[in-house]
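Reader: I would like to learn how to read helix packing in a model. Could you walk me through an example?

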Amino acid sequence: MTTKTYEKYYVPAQSPWPIVGAIALFFIAFGAGHFVIDISKQQSGFGGYLLLAGFAILVFMLVGWFRNVIDESMSGLYSNQMDRSFRQGMSWFIVSEVMFFMAFFGALFYGRMIAMQWLGGSSNNAMTFELLWPNFEPVWPLVKTPGGIETQAMPWTGLPLINTAILVISSITLHFAHTGLEQQKRGQLKLMLLLTLLLGATFLGLQVYEYIHAYRDLGLRLDSGFYGNTFFLLTGFHGLHVTLGAIILLFVFFRVLKGHFTPEKHFAFQAAAWYWHFVDVVWICLFVIVYIL
Amino acid sequence: MSVVITEPNDHEQHDHDHDHHDHKPSGITRWLYTTNHKDIGTMYLVFALVMFFIGGTMAMVIRLELFQPGMQFVEPHFFNQMTTVHGLIMVFGAVMPAFTGLANWMIPMMIGAPDMALPRMNNWSFWILPFAFLILLLSLFMPGGGPSFGWTFYAPLSTTYSSDSTALFVFSVHIMGISSIMGAINVIVTIWNMRAPGMTWMKMPLFVWTWFITAFLLIMVMPVLAGVVTMVLTDKYFGTSFFDAAGGGDPVLFQHIFWFFGHPEVYIMILPAFGIVSAIIPTFARKKLFGYASMVYATASIAILSFLVWAHHMFTTGMPVFATLFFMYATMLIAVPTGVKVFNWVATMWRGAMTFEVPMMFALAFIVLFTIGGFSGLMLAITPADFQYHDTYFVVAHFHYVLVTGAIFSIVAAVYYWLPKWTGNMYDETLGQWHFWCSLISVNMLFFPMHFVGLAGMPRRIPDYALQFADFNAFISIGGFLFGLSQLIFVWVLIKCARGGVKATDQVWEGAEGLEWEVPSPAPYHTFETPPVIK
């Protein structure tokens with residue numbers, strides 16, 4: 001704010017993409033709602049089609065919107081001040097994502113440290129335990145629910161450990177891609193970015209394999225009590241975020257191949273990298289809290 | 001696509017040609033495609049007004065049924081849908097969008113910025129809102145009806161016992177959340193990054209400060225709301241048991257997560273109101289705001305404390321005594337920074353040269369009536385007393401005092417205050433005074449007796465009641481109908497002012513200070529393309 005000359009803040013004129021995006025979200029939400037209702041009633045309906053149409057419109061919107069933004073960026077309309085706006089916007093978006101995960105981590109904490117103990121009769125809940133489920137054993141992982149559903153816990157050794165290593169390494173390769181970009185080593189940038197993408201894809205593949213293993217061999221399902229609930233929702237939402245992060249990185253990779261980004265200006269790369277590191281940090285918390293502890 | 005998108009060349013000319021830049025696009029695409037913070041602000045405000053009347057109509061249905069004991073007009077299930085959707089619409093469709101609309105209109109003008117920091121996203125965050133409420137309202141027409149579990153959608157009412165359409169409710173709340181988060185990010189980035197040179201943090205108007213802090217609350221808690229509706233969705237449709245003890249969960253867990261969102265949410269709906277009142281009182285008292293810095297710190301303190309008090313909504317759930325004590329004392333602590341604010345407003349008026357135009361009247365009513373709502377909040381904060389008050393009309397009286405005579409009165413005050421700046425015309429002062437006095441009298445007829453029926457034990461969210469409450473309820477209903485009718489005067493004032501009237505000066509109000517009063521009335525389509533000089 002101390003600069004004497006005031007940078008021009010580019011305010012785009014009209015854009016059709018927000019309203020297209022709003023229509024897309026309408027189709028997605030309305031379709032998803034009906035889709036879920038259809039599934040639960042085991043009936044066929046139009047929900048799924050609306051949902052797909054919504055995603056198609058969303059993709060159309062994203063392509064158009066990002067094409068505009070990339071064009072504007074490449075023609076030099078974006079000042080440093082705007083770059084700061086974008087960076088701050090992305091940072092606060094990531095904070096909101098952290099809070100989304102906090103809701104589920106909070107639920108896990110409460111279910112494990114409080115609800116399960118109370119169901120086992122601790123604090124002033126002796127009668128709850130005696131009258132409701134006197135055979136319930138409050139041990140974590142909750143492999144047998146008070147209602148009697150049995151399952152098995154997912155061990156942290158094996159696949160989850162390998163996946164942790166993969167994701168941590170992918171964060172490191174992405175860091176080297178960034179230094180490559182900053183030091184004008186385009187070869188290193190491309191190679192490291194490609195490696196990051198491959199590691200991300202491997203992680204997702206192994207995660208799918210783990211889910212199949214859980215369902216088929218361990219009997220660990222989404223509906224097998226509080227352990228299964230938190231396991232699948234936390235790892236599932238994390239997996240969705242990895243997928244999203246990988247898609248963003250893929251587009252960044254294409255832009256790198258086209259010669260975009262300079263050492264000074266590479267907000268899109270930076271945002272994708274922040275997002276990827278955030279997803280990585282969430283996984284480490286997940287690995288410790290959901291798998292190991 | 002045949003749509004014209006910004007040509008960079010066109011942009012270059014604007015540096016030299018300001019008048020050219022001021023032409024407004026015409027037709028429906030002006031509103032659909034806009035990136036202009038004033039257009040978007042206007043759309044937010046109009047949308048909020050429409051939702052206010054839709055939600056208000058539902059309140060009229062509620063008051064009609066409660067006019068007499070016994071069941072007269074609607075089925076209990078429909079009554080429950082009315083209370084639920086009335087709450088959802090007023091919170092997410094009326095109050096929050098109205099504040100966001102005011103933020104859009106005023107924040108760039110108050111800090112000397114050319115527009116909001118992320119103008120296209122700004123438009124997106126507005127346009128998804130009407131669709132979210134379309135989905136919510138459509139769900140009322142589904143087989144089995146719409147949401148009927150209260151706006152707080154406690155499990156298991158929203159899981160085991162809810163109607164099939166609950167998934168639509170869940171996804172519409174998701175969209176409202178996305179809209180709020182994008183709006184909040186835009187506000188934070190705008191304030192952080194777009195202030196004109198010399199507009200230091202401690203020179204910002206309090207409306208900007210309060211919105212800045214509100215936006216942080218939104219970013220922190222709206223994702224938690226998204227999380228908890230997602231758990232409701234999976235519990236209802238995919239067999240999870242987050243809120244089912246048989247599967248190892250706990251229905252009380254729902255309340256913890258919901259109120260972790262819900263309590264900061266109530267401050268989201270009142271902090272910008274503090275900012276508005278802090279703008280209006282000094283103008284009409286013709287004095288500088290007393291204790292500016294303490295106002296800023298008080299706002300921040302309230303925001304921080306708001307994360308530590310959520311379980312005061314849950315005193316009767318059988319929490320451990322230690323927890324209830326903690327939440328009781330933390331809640332009472334909030335009275336301190338709030339008291340600082342009320343003191344500062346009163347001290348600002350002390351020996352001021354006061355005049356009593358409509359915005360000032362609403363601001364004064366805000367101070368008195370919001371304080372009543374605050375005091376009943378203190379009563380509710382006392383754990384043992386809350387055992388008696390919980391789930392009675394006393395609670396309804398409390399939160400309507402803070403939300404109607406608090407949040408909504410401040411929004412109305414803000415509209416009267418800035419309307420001349422928006423339209424270029426003065427509103428009709430006589431009609432405005434009629435609107436104020438009718439609203440003031442009817443709103444107290446409507447909500448004040450609720451304290452008494454609540455203390456006498458009348459439960460909330462029930463379509464029928466014991467006979468001894470009959471007279472009070474008839475009186476309350478009459479107050480409700482009168483309050484609803486009084487708002488039609490408001491619409492009349494707005495339309496009249498938009499169509500013409502006495503031309504407003506640039507400063508509009510004699511005692512008004514701030515950047516927004518230095519630009520012409522009506523404010524040009526684009527303000528501050530080159531930053532203003534801050535004294």
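Author: Gladly! Keep in mind that this is a predicted model. Chain A contains 8 helices and 0 strands, and its pattern along the sequence reads α-α-α-α-α-α-α-α. The C-alpha trace of chain A spans about 75 × 45 × 40 Å along its principal axes.

Reader: How do I describe two packed helices?

Author: The general idea is to give the angle between the two axes and the distance between them. Take helix H5 (residues 159-182) and helix H6 (residues 186-218) of chain A: their axes come within 8 Å and cross at roughly 160 degrees.

Reader: What does that angle say about the directions of H5(A) and H6(A) relative to each other?

Author: Angles over 145 degrees count as roughly antiparallel, so H5(A) and H6(A) are roughly antiparallel to each other. Their crossing is left-handed. The residues of this contact divide into 16 nonpolar, 9 polar and 1 charged.

Reader: Thanks! And which elements of chain A touch chain B?

Author: Let's begin with the totals: the contact takes 61 residues from chain A and 66 residues from chain B. On the chain A side, the elements giving two or more residues are helix H1 (17-40), helix H3 (80-119) and helix H7 (225-257). H3(A) provides the largest share, 22 residues. By residue type, the side of chain A that touches chain B divides into 39 nonpolar, 19 polar and 3 charged.

Reader: What percentage of the residues in chain A is buried?

Author: Of the 293 residues in chain A, 39% are buried.

Key
Residues are numbered from 1 along each chain as its sequence is written. Chains are lettered from A and ligands numbered from 1 in the order in which they are written. This is a predicted model: local features need pLDDT of at least 70, side-chain atom pairs count only at pLDDT 80 or more; totals for chains, interfaces and linings use all residues. Axes are lines fitted to C-alpha atoms, for helices over the stretch in contact, and angles run from 0 to 180 degrees between N-to-C directions. Helices (H or I, at least four residues) and strands (E, at least two) are DSSP runs, numbered from the N terminus. Angles under 35 degrees count as roughly parallel, over 145 as roughly antiparallel, 65 to 115 as roughly perpendicular and the rest as oblique. A crossing is left-handed if the near helix is turned anticlockwise from the far one by less than a right angle, and right-handed if clockwise. Ala, Val, Leu, Ile, Met, Phe, Trp, Tyr, Cys and Pro count as nonpolar, Asp, Glu, Lys and Arg as charged, and the others, Gly among them, as polar. A residue is buried if 20 or more other C-beta atoms lie within 10 Å of its own, exposed if 12 or fewer, and partly exposed in between; C-beta atoms are placed from the backbone. Two residues are in contact if their C-beta atoms, placed from the backbone, lie within 7 Å.
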